[in-house]
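Thanks for making time this morning.

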Protein chains: 4
Amino acid sequence: MGRIESPTAAARSVVRMRVRFAETDLMGIAHHTSYVVYMEAARIEWLRRRGVTYAAWAGRGVHLPVIELRVTYRSPARFDDELDVEASLAEVRTASVRFDYRIVRVDGAVLCAEGSTRLACVDDRGGLRRFSPDMVEALANAEGAAS
Amino acid sequence: MGRIESPTAAARSVVRMRVRFAETDLMGIAHHTSYVVYMEAARIEWLRRRGVTYAAWAGRGVHLPVIELRVTYRSPARFDDELDVEASLAEVRTASVRFDYRIVRVDGAVLCAEGSTRLACVDDRGGLRRFSPDMVEALANAEGAAS
Amino acid sequence: MGRIESPTAAARSVVRMRVRFAETDLMGIAHHTSYVVYMEAARIEWLRRRGVTYAAWAGRGVHLPVIELRVTYRSPARFDDELDVEASLAEVRTASVRFDYRIVRVDGAVLCAEGSTRLACVDDRGGLRRFSPDMVEALANAEGAAS
Amino acid sequence: MGRIESPTAAARSVVRMRVRFAETDLMGIAHHTSYVVYMEAARIEWLRRRGVTYAAWAGRGVHLPVIELRVTYRSPARFDDELDVEASLAEVRTASVRFDYRIVRVDGAVLCAEGSTRLACVDDRGGLRRFSPDMVEALANAEGAAS
């Protein structure tokens, strides 16, 4: 299997969340690790909306640890801000997948951060494994589809 | 086995740590969950100094999840404060154990928080199990002893 | 002002949330600090639904740090579990307030944890201050009321 | 002021820390945000060893929020692993600074992660400001120097 550029419409989900008090730091803004947690939560919701649950894949011995992380911080999110976290499947390779993210403050539609994570497909012992055809298919689903 | 009050001298360890930036909140103080993480880290160090590692007990199918938590906050710890976190084994029951904690800011010896956690002794499936005699013995060790 | 027992119907709010991957630990369950974050998020939502925002009170120099925390863990919450976090105003004193919590897994209606936090009413320098009459009134609001 | 490549010997500090239980996730490894917290803790220690404390700079209205983050994960760190977190000043610009990191498991000298953060120099209102000459000087200090 080669590199697959995923279709843009099907490949995007938006998840709304709110900055928790525990996620702020003494600068009064969301700590920079909080955005990474938002990206992860949006990615998991992205998968769920396409019929993929962690439990189901883990039951088949498939895990998706993050192997690369990039975030650019544009404008600070603050406590209680509502955020739209957009996750998009950007690339599917043989044994890894990349998601891109945009985090936008709902009030004023301000871009707070952009980022990207690459996830490896690994088995129970941490060894790389190929995505199976049905997994690749599930990743190509649009929101609301069952796997 | 009945209730065992542990001896005070052997039962206490002090671990020094520093408030991390990520652990603060927008009030400029360590978030109240951070103290719970300090207490956990001190408890794990308490065990290590007595020859007990999580890996060793987990390898025998023994886990110690927290089943009760109490913290009283006295004075806020701030970013970069050095803290002495004192953990003491307070009580050993058949299938649970209680640790008490005092968190003291090194500068000025100010008491920041006091707390307590009860941990259950459970097996791999989460069922309660008794501490074995050698586990009870290990818990009675003084610092620096091997189990 | 004396002690005020708050009315039960008006005093309760339920907030639904989901256990995030980042909130789990190597036992495969939500880390015990995660429940404390859920309780905080539910309390903030409780206040918002009664017209009270942190920003508004902080703008008047009022903060509500946690001074006492108690949690009893009944049944572990796991990754991706949907939880109903119920927060209830339990007691209003001159310069502190207590909330009680019940965290229930939606699937099966299993009680995962119960807890309680006492919050002090403090000014910008951390000194205790009385709740003003309009603050006490706001705390007595039912869901959906403006302050 | 132009771009300043910092000297390598003076520009490196190593801080030892241990993976906390609270920092793991259900895959049994340190959650990928934990490495970002380690990098931050190492950077703050880097500054302290050169006489720079957050309090001192914040008192002058200087803050250093993270504006770019990159991490590549090589090998998972596990609970209780001792890690050497190496932070190096990589670049000083007019109003930003970049640190590079290597996180190495002490046991076996295994590289767990590499990363980099760019920090902006901002004033109390979040506006960009130049580093003053004495700040640039402090950043050029070797370990153990007072600013």
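Let me begin with polar contacts between chain A and chain D, where the count is six residue pairs, both residues of each pair being at pLDDT 80 or more. Please bear in mind throughout that this is a predicted model.

Where on chain A does the side that touches chain D come from? Helix H1, residues 32–48, and strand E2 of chain A each supply at least two residues of that side, and the largest share, eight residues, comes from E2(A). Sorted by class, the side of chain A that touches chain D has eleven nonpolar, five polar and four charged residues.

Now to the extent of the contact. The size of an interface is often given as the accessible area lost when the parts come together. For chain A and chain D the buried area is about 1,800 Å², and carbon and sulfur atoms give 69% of it. Within chain A, the residues that lose the most area to chain D are Met27(A), His32(A) and Leu69(A), which together make up 28% of what that side buries. In terms of residues, the contact takes 20 from chain A and 20 from chain D.

I will finish with two residues of chain A that have positive phi values without being glycine. One is Asp80(A), with phi near 80 degrees, and this residue is found in the loop between strand E2 (66–73) and strand E3 (82–92) of chain A. The other is Ala109(A), with a positive phi of about 50 degrees, placed in the loop between strand E4 (96–105) and strand E5 (110–120) of chain A.

Ala109(A), by contrast, has a relative accessible area of 58%, and since exposed means over 50%, Ala109(A) counts as exposed.

Conventions: Residues are numbered from 1 along each chain as its sequence is written. Chains are lettered from A and ligands numbered from 1 in the order in which they are written. This is a predicted model: local features need pLDDT of at least 70, side-chain atom pairs count only at pLDDT 80 or more; totals for chains, interfaces and linings use all residues. Side-chain values use heavy atoms; hydrogens and water are left out. Helices (H or I, at least four residues) and strands (E, at least two) are DSSP runs, numbered from the N terminus. Buried means under 20% relative accessible area, exposed over 50%, partly exposed in between (1.4 Å probe, protein chains only). Contact means heavy atoms within 4.5 Å. Buried area is the accessible area (1.4 Å probe) that two parts lose on being put together, summed over both. A polar contact is a pair of N or O atoms within 3.5 Å; within protein, one must be able to donate a hydrogen and the other to accept it, and residues adjacent in sequence count only if both atoms are side-chain atoms. Ala, Val, Leu, Ile, Met, Phe, Trp, Tyr, Cys and Pro count as nonpolar, Asp, Glu, Lys and Arg as charged, and the others, Gly among them, as polar.
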